[in-house]
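Work through the exercises below with the sequence and the structure in view, and try each task before reading its solution.

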Amino acid sequence: MKSFGERLSYLRNKADLSQEELAKVFKIAKSTLGMYETNKREPKNDMTARMADFFGVNMYWLTTGKGEREKSENSFALPEEVVSNVIREAEEHYGVSLRDDPVVESAVRDLINNLAKMKKSSQTKG
């Protein structure tokens with residue numbers, strides 16, 4: 001699958017959903033979904049993140065076709081207080097809101113999983 005549209009269509013068909021059914025899930029027009037699947041239009045990052053979450057796939061794989069398709073089930077979790085403090089500090093420093101944003105959530109999840117993989121890899125080599 002070379003394109004985003006092909007990957008999206010594959011996931012929709014694998015889930016046995018019609019374009020109309022999936023469009024209702026994401027509250028978009030069926031024609032919009034059709035344009036995504038035929039690569040005539042690209043969704044915004046927040047929509048792509050919602051799609052990746054809905055299908056349980058890695059957002060990076062969905063957008064690029066690279067990396068692992070499935071989200072890791074061994075998600076590494078930091079204590080909620082640590083995550084909240086880091087987010088609060090970044091919001092204050094940059095003057096932006098990072099809460100309730102699926103793109104931020106997906107990026108943080110991917111970052112934590114990659115850090116955990118690196119840590120595990122360095123432990124097995126040493």
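**Exercise 1.** Find what joins the side chains of Glu 37 and Arg 12.

*Solution.* The two side chains meet in a salt bridge, with 2.6 Å from N to O; the term requires a side-chain nitrogen of Lys or Arg within 4 Å of a carboxyl oxygen of Asp or Glu. Glu 37 belongs to helix H3 (residues 30–37) and Arg 12 to helix H1, so the pair ties together parts that are 25 residues apart in sequence. Helices here are DSSP runs (H or I, at least four residues), numbered from the N terminus. By the salt-bridge rule, the count comes to 3.

The model is predicted, so local features need pLDDT of at least 70 and side-chain atom pairs count only at pLDDT 80 or more, whereas totals for chains, interfaces and linings use all residues. Residues are numbered from 1 along each chain as its sequence is written, and side-chain values use heavy atoms, with hydrogens and water left out.

**Exercise 2.** Describe how helix H1 and helix H4 pack, and state which residues make the contact.

*Solution.* Begin with the geometry: H1 (residues 4–14) and H4 (residues 45–55) pack at an angle of about 35 degrees, with their axes 11 Å apart; axes are lines fitted to C-alpha atoms over the stretch in contact, and angles run from 0 to 180 degrees between N-to-C directions. Next, list the contact (heavy atoms within 4.5 Å): H1 gives Phe 4, Leu 8, Leu 11 and Arg 12, while H4 gives Thr 48, Met 51 and Phe 55.

Methods: Helix = DSSP H or I, 4+ residues; strand = E, 2+ residues; numbered from the N terminus.
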